[in-house]
Amino acid sequence: MEEGELHLPAKILERTQTPNLDVGQDKKVIAVYFPQFHEIEENNKFWGKGFTDFSNVAKVHQNRYGQAIIRPAERMGFYDLMSPSQRRFQGELARKYNIHGFAIYHYWFGTKAIMTKPLELMLLDGYPDIPFCLTWANEPWTRRWNGNDGSEVLLNQTYDRETWEPHFDWLLPYLKHKNYLKYKGLPVILIYRADNIPDLEQMISLWRMSARNSNLMGLHVIQINGVGWNGSSSFKLQPGMDSLVEGFPSYMSTSGFTMNNLVSTQKKADSYFYGVSAAFDNSPRYPDPTDGATMYPFHPSHLYFWLRQNLARTEPGGFVFLNAWNDWGQGAAIEPSIQWGRRWLEAVQKAVFDEQRGHVSKIMSNGYVSSVPLDENPGMPVSQRAGQDRVCIIVRTYKGHSTGIYNIHQTLNTLLALNHKNWRAFIVNTDVIPFEDLHHITDQYEHGGKIEISPLTATKSFTEDPNSAYDITDRAIEHHCGSSKDFKWLLVTNGDNWYTPDALDFLPNDVDLVLMNFYSRYSIWGAISSTNTPHDQACCVRLQNYRCMVADVKMGYIDLGAVIFDYQKYRKGYISFTTFNKESDTQCGQFGGCHDGLLIEYLIENEWSYRGHPVDVCTMHHNSNPKSCELVGGTWFDTMDRSAMGCYYGSVLPMPLESVNYQAYMAAHAACVC
């Protein structure tokens, strides 16, 4: 027995052989778990007495971009995994936030396992009391932390045949533990770099035979995919492996993926598990900031969306692997932190709940979202004659709506999901640049003739003349809604707006205008004074109580896509938007016009009656806004620069945020990622 090893009595070994947990038919989130937060002889020798990964975290306060290094919070602090109460807390916390189990790293060199004490203690005291499996982190330990960086080797990794059986014998008590994770009845083992192992197939064959000889049905061995340092071989299923799992963030970094295609990765094996990552910032391991790697900005909203979508792609009984529960040394930890609190955990829980409710999005081949989960009614009362009154909908669009974070697919999907079915929509291109894909897009939807593409064309571009969009809007209303008495109501919207299913449920016959409450970035602009926060520190603070805009009949509290007009009265009054061209240029030309606000004020002056939706019942999304940003997997970038404020997808730095002033982006008080 090696010095410092824990002796496992026979009765403890016996206890570990009770029937273990299978996954049933549910989808499970498995978080990667690192055991290195305790003192070991090897680290004392290599790095100094008492060293753990927290030693590095304590030395570094900011990464190369000036962002704070995350640190554990609440009851944890810089914890020691020798403590049973700490390990118990971790298991209880994980279960509370719908994390099914841990994939615990283990380190095997030659004929010896190191960094094993937390695992051995788990066999003795049962903590963390949660399903688990073991991951062999099979790379050498080097002075610069990268297993293949050519620096001084501290512990070399060997794969001689005489090491195979001792390794399995060490694994066996864990494989027989009552909490050991199974897939299709077989204990699960993950291998970090399977393509590094010579004679891999023979080694796994020996392990499987040994498992059967030990009264196990066999093994299910999973290769972590995407560790691409050795070239393309790591992306292929190696001989002897049963499955692949996406290995993030390595897969993300080496492939150059961004958020819009993380959710559309292609399977590379018949048996395949998806992966997600909380973040990645290994600055604590590298005193020279040019040596480290930082994935920023990354955010709980990204994790929520990514995990929700990958759960939807996972078959019943499968797993999604999450990097990581506690990789503090590399900034990938969803445990409570000083900077984030429990927001990462809450993102996991919300993703699990929402996927179970079916709140997932359809993803286009380029990775962008084509539908949004707005299938819940926020609470709009139903008018008695809502099903009888026909609505003429003018959808204003341009080529830029064909794809991207917000697109016309989303608009069409929300229109087709409306409870009120008595409508027709006419799509008009408001730009002089042709929208060639528009017919192809509309042909993808079974709309029964409810959606028609307008033959009208714009005479000028919006950048050339901001009023041109309203000129073609007037022409489209006249051409498509016309003099027909079939249409009782008129709605003019844009090809990136969204509506909840009950948006048209309230159409009372005793008013001329129906006003929807709406989510919008516009409601943020004036929200600084209410925060009691200095102007230069107000970013993100002003979003803490973000609510939808309560519509009102005055400038700044109205949105054209959130107004339903009595069309017969509109037509008889010879109303047009272009009437307000000059006034719009004078009052708000710098904002691209305010025809809608001016029109509403004019109608109210002429005694048009109106009624608004109930307070906090939000049925329309004017995009972009912080609420919708979360639904498409983006991060809200909040800044006093209105042109830069908006929704962005995460990526590996340097961030390709072309429209953002990068200096302002990094300024602590001028902007923030919320």
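Cys392 and Cys481 are both buried, and a disulfide joins the two residues in this predicted model. The structure holds 2 disulfides; the other links Cys629 to Cys647. A search of the whole structure also finds 31 aromatic pairs.

**Disulfide Cys392–Cys481**

- The sulfur atoms of Cys392 and Cys481 are 1.9 Å apart.
- The link is left-handed, with -75 degrees about the S-S bond.
- Cys392 belongs to strand 17 (residues 390–397) and Cys481 to helix 14 (residues 468–481), so the bond ties together parts that are 89 residues apart in sequence.

**Disulfide Cys629–Cys647**

- The S to S distance between Cys629 and Cys647 is 2.1 Å.
- Because the torsion about the S-S bond is about 85 degrees, the disulfide of Cys629 and Cys647 is right-handed.
- This pair links distant parts of the chain, 18 residues apart: Cys629 is in helix 19 (residues 626–631), and Cys647 is in strand 28 (residues 646–648).
- Cys629 and Cys647 are both buried.

**Further cysteines**

- Cys133 has 0% relative accessibility and therefore counts as buried.
- Cys548, at 9% relative accessibility, likewise counts as buried.

**Aromatic pairs**

- Among the 31 aromatic pairs, Phe37 and Tyr79 are arranged edge-to-face, at 5.5 Å centre to centre and with 65 degrees between the planes.
- Phe37 lies in the loop between strand 1 (28–33) and helix 2 (41–47), whereas Tyr79 lies in the loop between helix 3 (53–59) and helix 4 (84–96); the pair links distant parts of the chain, 42 residues apart.
- Both Phe37 and Tyr79 are buried.
- The ring centres of Tyr107 and Trp141 are 5.5 Å apart and the planes stand at 75 degrees, so this pair is edge-to-face.
- Tyr107 is in strand 2 (residues 101–109) and Trp141 in strand 5 (residues 141–142), so the pair ties together parts that are 34 residues apart in sequence.
- Tyr107 is buried, with a relative accessible area of 6%, and Trp141 counts as buried at 15% relative accessibility.
- Tyr107 and Trp141 also belong to a cluster linked by ring pairs, together with Phe34, Tyr105, Phe109 and Tyr192.

**Charges over rings**

- The charged end of Lys450 sits over the ring of Trp423, at 4.3 Å from the ring centre.
- The charged end of Lys488 sits over the ring of Trp489, at 5.1 Å from the ring centre.

Definitions and conventions: Residues numbered from 1 in each chain as written. Predicted model: local features only at pLDDT ≥ 70, side-chain atom pairs only at ≥ 80, totals over all residues. Heavy atoms only, no water. Disulfide = S-S within 2.5 Å. Helix = DSSP H or I, 4+ residues; strand = E, 2+ residues; numbered from the N terminus. Buried < 20%, exposed > 50% of the residue type's maximum accessible area, 1.4 Å probe, protein only. Phe/Tyr/Trp six-rings, centres within 6.5 Å; stacked < 30°, edge-to-face > 60°. Lys NZ or Arg CZ within 6 Å of the ring centre and 35° of its normal.
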